[in-house]
Amino acid sequence: MKICVLVKEVPDAAVEKRIDPSTGRMDRSGERNLNPYDTHAIEAAMQIREGGAVEVDEIVAVTMGPGTATRALQKAVSLGADRSLHLTDDALAGSDVAATGYALAKALESESPDLVLLGQQSDDGECYTIGAVVADHLKMPSLTQVIKMDVSDSDPPTTPATLTCERQAEYGYDTVQITLPAVISVGDAINEPRYPSLKAIMGAKKKPLQTVAAGDIGIDLSLVGGEGSRVQCGQFHDPPPKSAGQIIEDEDTDETVAQIVAWLDERKLI
Amino acid sequence: MADVLVYVLHYEGAFNKNSLGAVSEGAKQAAATGGECHAVVVGGDDLSDELCQTVGNYGAKKVFRAKGAEGLAQPVIDAMDKVISDHGHSYALFGGGLLGFEIGAGLAARRNAGVTMEVINIKVEDGKLVAERPILQDSKISDSHYRGDLGIIIGRINAFELAPPTAEAAEIVDVDVDYSPWSSQATMVKRGEQRGADVDIEGADILVAGGRGLGKAEGFELAEALAAAFGGNAAVAATRAVVDAGWYPYAAQIGQTGKTVSPKLYLAAGISGAIQHKVGMQSSENIVAVNKDANAPIFEFSDLGIVGDLNKILPKLTAAIKAKKDS
């Protein structure tokens with residue numbers, strides 16, 4: 001079985017995010033970290049490999065993004081991926097969610113994975129949908145925000161393996177059985193990602209990293225980039241102003257508590 | 001003319017309130033652009049004629065009904081693809097929630113359409129719908145303009161208000177859908193399972209809500225003691241993260257896949273304030289937050305924010321409230 005893990009480089013949570021006024025796009029210049037949600041997807045792939053229910057031949061980290069995105073791939077490899085695929089092309093810049101999903105699906109198509117894993121959301125775009133876009137292009141079923149996933153070997157071995165997935169949906173917890181191939185986005189409750197060993201960090205740069213451009217994997221350029229995207233987000237404005245709340249920095253806790261009690265009392269909440 | 005197609009989710013013979021809110025919104029926007037609002041439902045025998053007609057109460061002229069698996073995205077994508085191919089809707093609208101995100105995104109891929117999620121408002125410009133979406137932790141609003149034949153709008157949960165119901169019935173159109181082979185690869189084994197104790201938080205005037213910052217399941221004892229100190233109509237609520245971690249029952253969960261509440265006081269302990277949580281509690285009358293991270297988003301929408309260690313603050317606050325009550 002081959003598992004592809006979609007990863008993304010996102011701004012460090014400590015860096016303030018902003019819109020670049022000259023381009024109207026997210027200013028991603030401060031980016032330097034692997035999306036924390038994606039580390040759960042890599043861990044999930046590792047646990048399938050180590051679980052032994054199915055034989056995992058290869059775990060491949062896949063990303064789309066500028067040259068700097070190789071750092072996210074190296075991090076993914078240090079966490080357990082065997083090699084990585086980097087889709088990078090100026091023609092892809094400015095792609096919206098649907099166009100990005102299409103381009104990623106083309107990259108994945110070239111790998112023919114049995115299972116595609118990704119984190120439930122990216123830390124920057126606040127978007128939960130890329131997996132579902134990718135899945136439909138790949139003609140695979142998809143499930144998002146999965147918090148428990150058991151893989152069972154195929155019987156007879158000629159049939160594909162199945163996953164039993166649990167997740168929270170609108171009315172409680174759902175349990176869904178899926179025959180592979182499939183695209184699964186995992187929630188952060190699914191596992192506790194391991195820390196990479198120093199050896200793995202050092203070794204990551206030596207693992208194979210393949211770089212491909214849009215033309216190499218048959219991406220139709222009329223469907224990607226700012227021009228090919230079906231959503232244009234050029235205008236930004238401020239939400240209605242909300243009066244800022246009062247902030248107390250706790251230094252003397254007795255004093256802080258007295259202030260809270262007074263505040264609550266004033267509003268007749270006690 | 002811009003017809004709007006709204007997906008309406010149902011469970012055990014009742015429609016989802018957020019979906020019906022989207023029907024109300026769809027009817028409003030269709031009227032503004034000279035089109036009609038239609039609904040699509042996918043499921044089994046509980047989608048009776050009687051039930052399906054009621055989407056007309058919220059402004060849908062027709063309801064397309066397909067027999068298919070419930071609670072999964074792929075069959076609905078197939079059904080909507082078929083309905084849109086046959087009728088040429090200009091917009092597809094979803095009321096939010098997990099399935100809405102999955103279906104809307106998959107439909108965007110299928111029909112080469114633009115998709116915007118977490119939409120809080122829709123407006124009309126030059127006869128076309130423009131979706132407003134908050135970004136950067138809700139500090140800015142981005143306008144999505146659509147190109148092409150279809151625009152897909154996925155609302156934020158609770159964004160679209162339910163219009164007062166009328167007596168209008170929707171015309172039922174049964175649709176035969178050729179489901180994609182990959183639709184049948186997923187089967188629902190168990191749906192809507194409730195985990196943990198059945199607690200009632202929707203009627204509480206005061207909610208003490210706990211998040212990951214409580215550190216461990218036992219940390220909820222601090223929240224429970226504080227709620228008990230308030231006495232009367234106070235209860236304890238929780239975030240999705242701690243419910244998924246098994247620290248607290250699902251029935252107490254606030255947010256996107258949990259409950260929506262608006263108590264007189266919402267006291268958030270160790271909750272960062274992610275959007276998925278915010279949508280379930282932002283209309284609370286008074287929001288107090290205790291968090292050790294001064295950059296936590298919750299301080300952006302709390303009325304009183306305390307930056308500090310909840311393990312120090314909560315026990316003293318509990319004692320002080322008890323003392324105040326006894327005085």
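Of the 327 residues in chain B, 57% are buried, a residue counting as buried if 20 or more other C-beta atoms, placed from the backbone, lie within 10 Å of its own. The model is predicted, with local features needing pLDDT of at least 70 and side-chain atom pairs counting only at pLDDT 80 or more, whereas totals for chains, interfaces and linings use all residues. Residues are numbered from 1 along each chain as its sequence is written, while chains are lettered from A and ligands numbered from 1 in the order in which they are written.

**Overall form**
- Chain B contains eight helices and 18 strands, which are DSSP runs numbered from the N terminus (helices H or I, at least four residues; strands E, at least two).
- The radius of gyration of chain B, taken over C-alpha atoms, is 22 Å, close to the 20 Å that the globule rule (2.2 Å times the number of residues to the power 0.38) gives for 327 residues, so chain B is as compact as a globular protein of that length.

**The seven-stranded sheet**
- Seven strands of chain B form an open sheet with parallel pairing, in the order β7-β11-β6-β1-β4-β5-β12, where two strands pair if DSSP finds at least two bridges between them.
- Because β7 (114-119) and β12 (171-175) of chain B stand at the edges with a single partner strand each, one side of each is left without a neighbour in the sheet.
- Strands β4 (residues 37-43) and β5 (residues 62-67) of chain B run parallel and are joined by six bridges, and A39(B) has V63(B) in β5(B) as its bridge partner.

Definitions and conventions
A residue is buried if 20 or more other C-beta atoms lie within 10 Å of its own, exposed if 12 or fewer, and partly exposed in between; C-beta atoms are placed from the backbone.
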